[in-house]
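Reader: I have a chain open in the viewer and some questions about it. Can we go through them one at a time?

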Amino acid sequence: LPFYGYKRNTAPFLGKLAEHGIVFTNAYSTSSWTVPAATSLITGVYPSSHGIVYGFTKKEHIYKQEPVPQELPNLPEQLRALGYRTYAVTANYHLTKELGFGRGFDRYACVGFCPAEKVNRFFLKWKSEIETQTGPVFIWLHYFDPHIPYIARQPWLKQYQNDETEEESGSISSLYRQVMLRKEIRNKGHRILTLAQSHYDSEINYCDEHIKNLFQKFPSLEKYVLAFTADHGEEFREHGQLGHARNLYNYTVRIPFFIRLPEAVSATNSKEVASLVDVAPTLLAIAGGKAPPSWQGRALIDQRG
């Protein structure tokens with residue numbers, strides 16, 4: 001991301017949001033893949049405590065994944081107790097209501113592995129309802145982009161890789177598993193890895209553009225406290241692997257994280273070490289609540305009093 005010093009301007013809109021927020025430059029996930037990380041995000045505890053560390057997808061069905069334990073207090077429940085209406089749209093079959101991720105939400109939709117445009121389209125169905133709320137509102141939007149398959153997103157890809165052929169573009173966009181990309185690199189050389197990275201960067205731009213579109217269609221979001229983060233990173237052979245979920249190097253566990261307060265006038269960079277387990281207690285503290293004793297994170301911002 002450019003506001004972390006990346007050479008390509010992959011997220012101009014998020015960059016503008018970050019200009020009025022606190023950017024945590026040492027933020028880390030609790031895992032290098034979605035399920036343990038997302039569970040930590042909403043429950044405020046580490047994978048060693050919540051135990052949700054396994055599950056796999058086959059033909060859009062999830063196997064061997066335990067649901068989030070009912071006894072673990074989560075962020076939407078805590079906010080509802082403070083009078084919030086709670087909404088969420090997630091773009092990952094691992095995050096369904098049946099697997100416990102919808103607990104505490106008044107409206108929850110898992111739209112499967114789909115692009116940002118569909119997440120926005122589904123969420124905007126609730127726009128009128130949200131705008132008529134007299135009390136506070138909490139919204140969780142989980143975007144799947146960028147993620148393998150690394151789909152060519154224009155016009156950004158052309159800016160990053162103007163020598164890519166249509167055949168190369170179509171081939172890389174169709175590789176939906178890391179093992180397939182690894183085989184393609186082995187057969188056709190290092191150029192495929194370079195092109196895959198450019199595809200990935202174009203997906204960041206695509207997601208950024210749709211977050212921008214959401215704010216344009218829902219301008220009252222400007223008045224919200226905003227937390228932006230990720231569940232994991234992505235490796236392109238910096239340590240010999242592709243993708244994520246295979247190691248705990250910074251490429252897969254160091255994540256972007258910033259908090260934007262509506263009244264903030266300028267950016268602040270914090271070198272404080274932050275974790276996904278800190279997101280729930282931080283947002284709850286901003287809302288005026290007190291974290292449950294079981295939560296293992298801490299409030300990075302506390303506006304109570």
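Reader: Start with Glu60: buried or exposed?
Author: Glu60 is exposed, with a relative accessible area of 52%. Keep in mind that this is a predicted model.

Reader: And where is Glu60 found?
Author: Glu60 is in the loop between strand E2 (56-58) and strand E3 (61-63).

Reader: What is phi of Glu60 near?
Author: Phi of Glu60 is near 65°, which is a positive value in a residue other than glycine. Most residues other than glycine have a negative phi.

Reader: Which loop holds Arg237?
Author: The loop between strand E8 (235-236) and strand E9 (242-243). Arg237 is not a glycine either, and it has a positive phi of about 70°.

Reader: How does Arg237 count in terms of accessibility?
Author: Arg237 counts as partly exposed, at 39% relative accessibility. The partly exposed class runs between the buried limit of under 20% and the exposed limit of over 50%, so 39% belongs there.

Reader: What about Gln154 and Pro155?
Author: A cis peptide bond joins Gln154 and Pro155, and omega there is about 10°. Pro155 is found in the loop between E6 and H7. Most peptide bonds are trans.

Reader: Now the whole chain. How many helices and strands are there?
Author: The protein chain has twelve helices and eleven strands. Its radius of gyration is 19 Å, close to the 19 Å that the globule rule gives for 305 residues, so the chain is as compact as a globular protein of that length.

Reader: What box do the C-alpha atoms fill?
Author: Roughly 60 × 45 × 40 Å, taken along the principal axes.

Reader: What share of the residues count as buried?
Author: 53% of the 305 residues count as buried. The accessible surface of the protein chain comes to about 14600 Å², and 50% of that belongs to carbon and sulfur atoms.

Reader: And contacts between residues at least 6 apart in sequence: what share join residues at least 24 apart?
Author: 68% of them, in the protein chain.

Reader: On to the sheet. In what order do the four strands come?
Author: The order is E7-E10-E1-E11, in an open sheet with mixed pairing. Strand E7 (226-229) and strand E11 (268-275) are the edge strands, each pairing on one side only. From one strand to the next, the twist averages 25°.

Reader: How many bridges join E1 to E11?
Author: Six bridges, and strand E1 (residues 21-28) runs parallel to E11. Val23 stands opposite Asn269 in E11.

Reader: How many residues of H12 are buried?
Author: Eight of its eight residues are buried in helix H12 (residues 279-286), which is mostly covered. Among them are Val279, Pro281, Leu284 and Ile286.

Reader: What do the buried residues of H12 pack against?
Author: They pack against H2, helix H4 (75-81), E6, E7, strand E10 (257-260) and E11. Just after H12, Gly288 takes a positive phi of about 95°.

Reader: H2 came up. Which residue can we look at in there?
Author: Val35, found in helix H2 (residues 34-43). Val35 is buried, with a relative accessible area of 0%.

Reader: What does Val35 touch, not counting residues up to four places away in sequence?
Author: Ile52, Gln65, His94 and Phe101. The C-alpha atoms of Val35 and Tyr54 are separated by 7.5 Å, and the two residues are 19 residues apart along the chain.

Reader: Last one, Asn92. Where is its place?
Author: Asn92 is in the loop between strand E4 (85-90) and strand E5 (107-110).

Reader: Is Asn92 buried or exposed?
Author: Asn92 is buried, with a relative accessible area of 3%. That is under the 20% limit, so the buried label applies.

Reader: What lies 2.9 Å from a polar atom of its side chain?
Author: The backbone nitrogen of His94 lies 2.9 Å from a polar atom of the Asn92 side chain. Leaving out residues up to four places away in sequence, Asn92 touches Thr34, Cys110, Gly112, Phe113, His142 and Phe144.

Conventions. Residues numbered from 1 in each chain as written. Predicted model: local features only at pLDDT ≥ 70, side-chain atom pairs only at ≥ 80, totals over all residues. Heavy atoms only, no water. Pairing = 2+ DSSP bridges. Helix = DSSP H or I, 4+ residues; strand = E, 2+ residues; numbered from the N terminus. Axes fitted to C-alpha atoms, helices over the stretch in contact; angles between N-to-C directions. Rg over C-alpha atoms; globule rule 2.2 N^0.38 Å. Buried < 20%, exposed > 50% of the residue type's maximum accessible area, 1.4 Å probe, protein only. Contact = heavy atoms within 4.5 Å. Areas by Shrake-Rupley, 256 points an atom, 1.4 Å probe, with all protein chains shown as cover. Polar contact = N/O pair within 3.5 Å; in protein donor to acceptor, adjacent residues only side chain to side chain.
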